[in-house]
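Here's a quick walk through one protein model, taken a region at a time. Keep the viewer open as you read.

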Amino acid sequence: MSRYWSAITHKLTPYVPGEQPKLDNLVKLNTNESPYPPSPRVTEAFHENIPNQLQLYPDPNSTALRTAIAEYHNVDISNVFVGNGSDEVLAHAFHALLKHESPILFPDITYSFYPVYCGLYDIAHTLVPLTEDFQIRVDDYMRPNGGIIFPNPNAPTGCPVALADIERLLIANPDSVVVIDEAYVDYGADSAVNLITKYPQLLVVHTFSKSRGLAGLRVGYAVGNSELIDGLTRVKDSFNSYPLGKLAQIGSAAAIQDIEYFESTCEQVIATREQMITDLIILGFNVLPSAANFVFASHPQHDGATLTAKLRERSIIVRHFRNPERIAPFMRITVGTDEQCAILINALTEILTQTT
Ligand code: PMP
């Protein structure tokens, strides 16, 4: 430990991102990106706008992008906050909205960046176990707290929470900020965005990294009551006055305006996911119900780490989590193209036949 670090730095346990391999010809099903490129309108917008613009600073308020997001969700621009990926939006949400005397609540199996933000901002938190069948049960969150956060659908399980349950939670927690991280919502869960006018304590966080095919651009956003958005903006402006580059603003605004392309790629991913689930079940896997662009699957006779390693020998990469122990038998597999999923299923068939 370095004596030059601050007191907080040596206590941090940073988030470890999924591997981004440098090798070509891999079937990459490990970090839940879209298997499809973004809308062609994104590159058109780059071509139209980029010449002779990059020497200037970007709009610090991302006004055109926030207007496009507001139009898409039918809210006011004062209800929209943007950041470098939803990770940054979430970081600001923890900092601005979730630091209180009482601990915040989040599931004991969830997006592993949440405890990292708690460490960074010194936020007390209580983990709420998932049910036996890996579901978030909102009744477990009906107790005094300094805020609540979970993804819908949850990660890495993929299981959704019903909108009626989220509304019950909001009614029971009028004084706590409730953050719903909807990174994967477009693949089959119900968005809570329309509840923001009724519940001023609700913040809904989205990303362009998954269903909009723009993980490389790093854009995320939050929708909520203007008071919450104001809190986020104060933190952002105290940190980086030009949070989003010009390319990020232009590209993501073009993407959110192409609704037809967005819907068709989401539908394709959902259809591929359903086929993949059927195929995995035929091979003997247990697969949790997924409303996301990934599935969480375990096999009664084979452990998750071994299967992940054997897939890797065949140039297929999926994600395996050693901790907590309860999820160690599982693999989290991103839904790729039909072709990639067929390669995966063939490889698993081969692996299971060889080892039985
Ligand atoms: N929330 C959840 C649940 C995620 O899985 C991810 C992706 N790792 C994010 C947020 C962050 O996504 P991004 O920063 O790319 O918007």
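## The annotated span

First things first: this is a predicted model. The unreviewed UniProt entry lists residues 25-348 as "domain: Aminotransferase class I/classII large". In the model, that span is 38% helix and 15% strand. Its end C-alpha atoms sit 18 Å apart.

## Around the ligand

Which residues surround the ligand? The shell is made of Gly85, Ser86, Asp87, Tyr111, Pro151, Ala155, Asp181, Ala183, Thr207, Ser209, Ala215 and Gly220. Sorted by class, that comes to five nonpolar, five polar and two charged residues.

Helix α3, spanning residues 85-97, gives the most to this shell, putting in three residues.

## Lysine 210

The unreviewed UniProt entry also flags Lys210, with the annotation "modified residue: N6-(pyridoxal phosphate)lysine". You'll find lysine 210 in the loop between β7 and β8 (220-224).

Is lysine 210 buried or exposed? It has 26 other C-beta atoms within 10 Å, and 20 or more is enough to call a residue buried, so lysine 210 is buried. Leaving aside residues up to four places away in sequence, lysine 210 touches Asn32, Ser34, Ala183, Tyr184 and Asn293. Ala183 also belongs to the ligand shell.

## Leucine 203 in strand β7

Now step into strand β7 (residues 202-207), where leucine 203 sits. Leucine 203 has 30 other C-beta atoms within 10 Å, so this one is buried too.

What does leucine 203 touch, once residues up to four places away in sequence are set aside? Its contacts are Ala93, Leu97, Val177, Val179, Ala222, Gly224 and Leu228.

## Two helices side by side

Helix α8 (residues 259-282) packs with helix α10 (residues 338-355) at an angle of about 10°, their axes 10 Å apart. Angles under 35 degrees count as roughly parallel, so that label goes to α8 and α10.

Who meets whom here? On the α8 side it's Thr272, Gln275, Met276 and Asp279, and on the α10 side Asp338, Cys341 and Ile345. By class, this contact has three nonpolar, two polar and two charged residues.

## Cis prolines

There are cis peptide bonds to look at as well. One joins asparagine 152 and proline 153, with omega about -5°. Proline 153 lies in the loop between β5 (148-151) and α5 (163-172).

Another cis bond joins asparagine 323 to proline 324, and here omega is about -10°. Proline 324 is in the loop between β11 (316-317) and β12 (330-334).

## Positive phi outside glycine

Asparagine 74 isn't a glycine, yet its phi is positive, near 60°. This residue lies in the loop between α2 (63-73) and β2 (80-83). Why does asparagine 74 count as exposed? It has 10 C-beta neighbours inside 10 Å, and the cut-off for exposed is 12 or fewer.

Aspartate 122 isn't a glycine either, and has a positive phi of about 60°. Look for aspartate 122 in the loop between α4 (113-121) and β4 (125-128). With 9 C-beta neighbours inside 10 Å, aspartate 122 counts as exposed.

Notes:
Residues are numbered from 1 along each chain as its sequence is written. This is a predicted model: local features need pLDDT of at least 70, side-chain atom pairs count only at pLDDT 80 or more; totals for chains, interfaces and linings use all residues. UniProt positions are given in the numbering used here, feature names are shortened, and annotations may be inferred rather than shown by experiment. Helices (H or I, at least four residues) and strands (E, at least two) are DSSP runs, numbered from the N terminus. A residue is near a molecule or strand if its C-beta atom, placed from the backbone, lies within 6 Å of it. Ala, Val, Leu, Ile, Met, Phe, Trp, Tyr, Cys and Pro count as nonpolar, Asp, Glu, Lys and Arg as charged, and the others, Gly among them, as polar. Axes are lines fitted to C-alpha atoms, for helices over the stretch in contact, and angles run from 0 to 180 degrees between N-to-C directions. Angles under 35 degrees count as roughly parallel, over 145 as roughly antiparallel, 65 to 115 as roughly perpendicular and the rest as oblique. Two residues are in contact if their C-beta atoms, placed from the backbone, lie within 7 Å.
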